[in-house]
Amino acid sequence: MKLQTLLSKPVWQMTGEELLFLSRQTADTNTNQSLANEPTATKHYVYGIAGICEIFSCSKPTAIRIKKSGRIDKAITQVGRKIIIDADLALQLASQKPMPRKR
């Protein structure tokens, strides 16, 4: 079956086989196009102390302690009062073994 002839044919004149063929062809085309346009990795950012609360599912005082501990400093960008946290990196850093304390 030619795709162009089916595209020009009214739906009410198509057989069931032609309609299924056409729907499969368009679904395959749409899938290939969406895979090509999809970015490979997207960053997930959260903002402020409330964002840290959201990432770690904790209270505000605990989020402040996590930020002050320095454990997730590599994931935090702060300009003035604005705090931006890379959520994936923060979770990765928090799950790492703690560094030994210096005495």
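Throughout these legends, a residue is called buried when its relative accessible area is under 20%, exposed when it is over 50%, and partly exposed in between (1.4 Å probe, protein chains only). The views show a predicted model, in which local features need a pLDDT of at least 70 and side-chain atom pairs count only at pLDDT 80 or more, while totals for chains, interfaces and linings use all residues. Residues are numbered from 1 along each chain as its sequence is written, and side-chain values use heavy atoms, with hydrogens and water left out.

**Figure 1. Overview of the protein and its 5 helices and 3 strands.** Helices (H or I, at least four residues) and strands (E, at least two) are DSSP runs numbered from the N terminus. Read from that terminus, the order of elements is α-α-β-α-α-β-β-α. The protein has 103 residues, of which 20% count as buried. Its accessible surface amounts to about 8500 Å², and carbon and sulfur atoms hold 55% of this area; such areas come from the Shrake-Rupley method with a 1.4 Å probe, and for residues only the protein chains shown count as cover. Among contacts with a separation of 6 or more, 36% join residues 24 or more positions apart, a contact being heavy atoms within 4.5 Å.

**Figure 2. The largest nonpolar core, with 14 residues.** Such a core is a set of buried Ala, Val, Leu, Ile, Met, Phe, Trp, Tyr and Cys residues joined through side-chain atoms within 4.5 Å. The residues with the most contacts inside this core are Ile-49, Ile-52, Ile-55, Ile-72, Ile-85 and Ala-90. Helix H3 (48–56), strand E3 (82–86) and helix H5 (87–95) are the elements that each give it two or more residues. H3 gives the most, with 4 residues. Leaving aside residues up to four places away in sequence, Ile-72 touches Ile-52, Phe-56, Ile-66, Ala-90, Leu-93 and Ala-94.

**Figure 3. Helix H3 and its packing partners.** Gly-48, Ile-49, Gly-51, Ile-52, Cys-53 and Ile-55 are the buried residues of H3. They pack against strand E1 (45–47), helix H4 (60–69), E3 and H5.

Figure 4. A disulfide is counted when a pair of cysteine sulfur atoms lies within 2.5 Å, and a search of the whole structure finds 0 of them. Cys-53 takes part in none, and the nearest cysteine sulfur, that of Cys-58, is 4.8 Å away. A disulfide is a covalent bond between the sulfur atoms of two cysteines. Cys-53 is buried, at a relative accessible area of 16%, whereas Cys-58 is partly exposed, at 21%.

**Figure 5. Ser-57 in the loop between H3 and H4, with Ile-64 of helix H4.** Ser-57 follows H3, and its phi is near 50°, a positive value in a residue other than glycine. Most residues other than glycine have a negative phi. The relative accessibility of Ser-57 is 66%, so this residue counts as exposed. Ile-64 is partly exposed, with a relative accessible area of 33%. The C-alpha atoms of Ile-64 and Cys-53 are 8.9 Å apart, and the two residues are separated by 11 residues along the chain.

**Figure 6. Glu-18 in helix H2 (residues 16–37).** Glu-18 counts as buried because its relative accessibility is 15%. A polar atom of the Glu-18 side chain lies 3.0 Å from the backbone nitrogen of Thr-15. A pair of N or O atoms within 3.5 Å is a polar contact; within protein, one must be able to donate a hydrogen and the other to accept it, and residues adjacent in sequence count only if both atoms are side-chain atoms.

**Figure 7. Asp-86 in strand E3.** Asp-86 is buried, with a relative accessible area of 9%. Residues up to four places away in sequence not being counted, Asp-86 touches Lys-43, His-44, Tyr-45 and Ala-75.
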